[in-house]
Amino acid sequence: MTTDTRLLNLTDRVPQPSPHDDIDKVRFYDLGMRRSALMAYKRPSDRILANVRDGMTDLVEVGFNTGLLSLHVAGKLPDLAVSGVEENQNLVDVAEDNLTLAVWANTAGDVEFEMAKLHRLPFPDDSADIVFSFSSLHRWRRPVETLRECARICKPDGVVIIEDMNRHAEEGHITFILQFVKEGGDEFMRSLQAAYTREEAAELLREAGLTDWQAVEEDLGLVISSRPLEPVST
C-alpha cells in the first residue's frame, strides 16, 4: 500500500462497525501502543497534569482503551483516584492485565477500571475534577449522549478534555505518524477514517447542547474541552 493510497478516502467519515473484536488483535494493538507510548501519550498526559489543581481528588477516563494513559497519569498523581470506564470487553481484559502488571511492579497510583456503557457513566453528578479521553471518541456508539455524560459528571470548576485524531489533519502529520506505526498502518488509517473533523465535532457539541465548549485542531489531533486550555509543549 502506498502512502498516496493510504491518504485516500478521508473526505467522508467511515465508522468502524466492530473495532477491537479480537483479543489477540487487541494485545497486538496494546503492544504497539506501549512501544510508542513516549510519543503518543506525552502531550495528552502533559495536558491533564497541567490542569491539576490543589484539592482535586478524582479523575475519570472515558474509553480507556488498554488503560495505558490512566496508569501513566495515576503514577504521576499517586494521591488522586483515577477511574476508567470502557465498554469493549477485550480492551477491559487487556487493561486489567496492564493494571495487574503495574501493581506487581509496585507502581504508584490509585487506579480502577470498570466496564460500563459510555453513554451511561456510573458516576454521580459533579463528581470528577478532570474528565479525560484519548483516542476513543471515534468509536463512541452514542457520542452526543456520552458528551452530555462527561459534562454531567464533571464538577463545575473541573474540566473535560477529549483528544482524538482529526480526519482532516494535514497530510504531512498523517505520513509522519505512518512512519512509526509501520505494520499497524492499516488499522491506523481505519481509525483515522472513523475520526471526526473539527466541524463534525462542533456539530456533536451543538447537538449535545454544549455550545460553549471548544473544538480545536492540533497537528494530527482534535482537542475538545469544556473551557479554553493553555497550550502544552510537544
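## Contacts along the chain

Among contacts (heavy atoms within 4.5 Å) in the protein chain between residues at least 6 apart in sequence, 79% join residues at least 24 apart. This is a predicted model, in which local features need pLDDT of at least 70 and side-chain atom pairs count only at pLDDT 80 or more, while totals for chains, interfaces and linings use all residues. Residues are numbered from 1 along each chain as its sequence is written, and side-chain values use heavy atoms, with hydrogens and water left out.

## Overall build

The protein chain has ten helices and seven strands, where helices (H or I, at least four residues) and strands (E, at least two) are DSSP runs numbered from the N terminus. Its radius of gyration, taken over C-alpha atoms, is 17 Å, close to the 17 Å that the globule rule (2.2 Å times the number of residues to the power 0.38) gives for 234 residues, so the chain is as compact as a globular protein of that length.

Of the 234 residues, 51% count as buried, a term that means under 20% relative accessible area, with exposed being over 50% and partly exposed in between (1.4 Å probe, protein chains only).

## Two residues with positive phi

Most residues other than glycine have a negative phi. N65, although not a glycine, has a positive phi of about 55°; N65 lies in the loop between β1 (58–62) and α5 (68–76), and at 5% relative accessibility N65 counts as buried.

D126, also a residue other than glycine, has a positive phi near 50°. D126 sits in the loop between β3 (110–115) and β4 (128–134), and with 43% relative accessibility D126 counts as partly exposed.
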